[in-house]
Amino acid sequence: MKPPHSLLGIRQLTTPQIEAILKLARRMDPKRPPQLLRGKRVVLLFYESSTRTRTSFEFAAKALGATTTLITAASSSIEKGESLIDTGWTITSLEADAIVIRHPNSGAPYLLARHVPVPVVNAGDGMHQHPSQALLDALTIANHKTRLKGLRVVIVGDVYHSRVARSNAELLSRFGAEIVFCGPPNFVPGVSATIAPGVVATHDLNAALQGADVVMSLRVQKERLAGKHHSVEDYIADYQITPQRMKLAKPDAILMHPGPLIRGMELTSEVADGPQACILEQVRNGVKVRMAIMATVLGAAR
């Protein structure tokens, strides 16, 4: 099986490639890492702010022995108007071995990958893709469930703007999970068959949660509720994940959130800190999965 040169989106990966990355991630120990990337240089090119994703990619690369350099829009020639392609050429001329990019525009990592000779890893592009998040979420679910096939995964919140929801739907449905998108009409306007086969949408949270194996809450930006059919108060009343609502799911259901979470908005503190929550486990798995990704795209996986 040929490893991917870059990691741009879930659809780009074959099922065996996904399985190989997850298998490798399970073997990764951030505290006793193999020095697979000693001598490699990894550039973190972040046009958007980030805590979990940027830090875990940095930890992952350094754990494997690579050196990292962070470039942000505010502290580089990007702020002066330098194009993405010119920035990429500059980075590779400085002999970087890989570029991890987060960008507000959908498709930016794909554009960059066409113009640079090194692997590009998509750390989130606009409303489009977040493949490493989907991979770490799949690993987290697999740690609690015997298989992905047949699971009912309910994704609640601002699905329309969410690259996390899109990437998770593509990956988990590939392995036979049933995906239910749920939220107010402006956040879940409908589901295109092009997202993933078998994805359904509903605006009724209580119905969606019936028999759920996994409940994934998404971040909701309050400004996106302003002037819409749902106010912040309406959203909390209709879609906040509470202990009572979690009881509608299966007793062994797990709760997930990609972060950053807003307590009292998307979910209550009782749920976020409860025994079904796997939110911090997702963060820990992020380092392991991103170690596996970096080793894979740089041809160092073994």
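Mentor: Before we start, one cut-off: a residue counts as buried under 20% relative accessible area, as exposed over 50%, and as partly exposed in between. Keep in mind, too, that this is a predicted model.

Trainee: Okay, let me try that on a residue. Is Tyr-239 buried or exposed?

Mentor: Tyr-239 has 3% relative accessibility, so it counts as buried. Tyr-235 is buried as well, with a relative accessible area of 0%.

Trainee: How do I read where those two point along a helix?

Mentor: Here's the general idea: an α-helix has 3.6 residues a turn, so residues three or four places apart point the same way. In this model, Tyr-235 and Tyr-239 both sit in helix α8 (residues 232–239), 4 residues apart, which is about one turn of the helix.

Trainee: And how many aromatic pairs are there?

Mentor: The structure holds 2 aromatic pairs. Tyr-235 and Tyr-239 make a tilted one, with 5.5 Å centre to centre and 35° between the planes. Ring pairs also bring in Phe-187, which forms a cluster with Tyr-235 and Tyr-239.

Trainee: Let's do the sheet. What should I look for?

Mentor: Strands of a sheet pair through backbone hydrogen bonds, either parallel or antiparallel. Here, 5 strands form an open sheet with parallel pairing, in the order β7-β6-β5-β8-β9. The edges are β7 (200–202) and β9 (254–256); each has a single partner strand, so one side of each lacks a neighbour in the sheet. On average, neighbouring strands are turned by 20° against each other, direction ignored.

Trainee: Which residue stands opposite Thr-202 in β7?

Mentor: That's Cys-182. Strand β6 (residues 178–182) runs parallel to β7, and 3 bridges join the two. Helix α6 (residues 163–174) packs on this sheet, touching β5 (152–156), β6 and β8 (214–217), and the direction of α6 makes about 160° with that of β6.

Trainee: What about α5? How many of its residues are buried?

Mentor: Helix α5 is mostly covered, with 11 of its 14 residues buried. Among them are Pro-131, Leu-135, Asp-137 and Ile-141. As for length, α5 (residues 131–144) reaches 21 Å from its first C-alpha to its last, close to the 20 Å expected at 1.5 Å a residue.

Trainee: Last topic: salt bridges. How do I read those?

Mentor: Side chains of opposite charge can pair when their charged atoms come close. This structure holds 10 salt bridges. Take Asp-252 and Lys-145, where the closest N and O atoms are 3.5 Å apart. Asp-252 is in the loop between α9 (243–246) and β9, while Lys-145 is in the loop between α5 and β5, so the pair ties together parts that are 107 residues apart in sequence. Asp-252 is partly exposed at 49%, whereas Lys-145 counts as buried at 10%.

Terms used. Residues numbered from 1 in each chain as written. Predicted model: local features only at pLDDT ≥ 70, side-chain atom pairs only at ≥ 80, totals over all residues. Heavy atoms only, no water. Pairing = 2+ DSSP bridges. Axes fitted to C-alpha atoms, helices over the stretch in contact; angles between N-to-C directions. Contact = heavy atoms within 4.5 Å. Phe/Tyr/Trp six-rings, centres within 6.5 Å; stacked < 30°, edge-to-face > 60°. Buried < 20%, exposed > 50% of the residue type's maximum accessible area, 1.4 Å probe, protein only. Expected span 1.5 Å × (residues − 1). Salt bridge = Lys/Arg side-chain N within 4 Å of Asp/Glu carboxyl O.
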